[in-house]
Amino acid sequence: MSQQVEVKMQLLPSYEGLPLPAYQTEGAAGFDFYAAESIHLPRGDYAMIATGVKVAIPNGYELQVRPRSGLAAKYGITVLNAPGTVDSDYRGEIKIILINLGKSDFSIERGMRIAQGIIAPYVKGEFSVVASLEETERGDGGFGHTGL
């Protein structure tokens, strides 16, 4: 069972007439963001899409912005900095950076569901400088160190 946390939302004039952000099913982890503007997105290009929404995320939480699987699978449209993070102290309009990795130009129409948001708790690290780190079996083996 998931926990719930209050997220205050301000709708800007550009949001007028659009449905409220909502979870589409009972088991959905993400809610949908709607485009508050229409934009033509040529193949290989990216753009910031206004959502017309401002939020107040509670301290200790972040809003993760993730792609919608249907847009990615059908058209090659995804969130460029996925997952994007909206910090709890940000109060500006949420904008989604979409990129068209598909084979054709794509039109984003006002009211289209363009991304999903997930409210997630986070843990802050407490950093300390040490002379060396404890050894592990992996050590400094990086990208591809276990083979293909």
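## Strand pairing in the sheet

Two strands are taken to pair if DSSP finds at least two bridges between them, and the strands themselves are DSSP runs (E, at least two residues), as helices are (H or I, at least four), numbered from the N terminus. In this predicted model, local features need pLDDT of at least 70 and side-chain atom pairs count only at pLDDT 80 or more, while totals for chains, interfaces and linings use all residues. Residues are numbered from 1 along each chain as its sequence is written, and side-chain values use heavy atoms, with hydrogens and water left out.

Strand S8 (residues 93–100) runs antiparallel to S6, and three bridges join the two; valine 79 has leucine 98 in S8 as its bridge partner. Both strands belong to an open sheet of four strands, ordered S1-S4-S8-S6 with antiparallel pairing, in which strand S1 (8–11) and strand S6 (77–79) are the edge strands, each pairing on one side only.

## Salt bridges around aspartate 32

A salt bridge is counted where a side-chain nitrogen of Lys or Arg lies within 4 Å of a carboxyl oxygen of Asp or Glu, and by this rule there are two. Aspartate 32 pairs with arginine 68, their closest N and O atoms being 3.5 Å apart; aspartate 32 is in strand S2, whereas arginine 68 is in the loop between strand S5 (61–66) and helix H1 (69–75), 36 residues apart.

Aspartate 32 also forms a salt bridge with arginine 113 (3.0 Å, N to O). Because aspartate 32 lies in strand S2 and arginine 113 in strand S10, this pair ties together parts that are 81 residues apart in sequence. Aspartate 32 counts as buried at 6% relative accessibility, and arginine 113 as partly exposed at 30%, where buried means under 20% relative accessible area, exposed over 50% and partly exposed in between (1.4 Å probe, protein chains only). Shared partners join Asp32, Arg68 and Arg113 into one salt-bridge network.

## The largest pocket

A pocket is an open set of points on a 1 Å grid over the protein atoms alone, where a 1.4 Å probe fits, with protein on both sides within 12 Å along at least five of seven lines; lining residues have an atom within 4 Å of a point. The lining of the largest pocket comprises 23 residues, of which Gln3, Gln4, Val5, Tyr23 and Ile119 lie nearest its centre. Strand S2 (31–34) and strand S10 (113–121) are the elements that give two or more residues to this lining, and S10 gives the most, with four.
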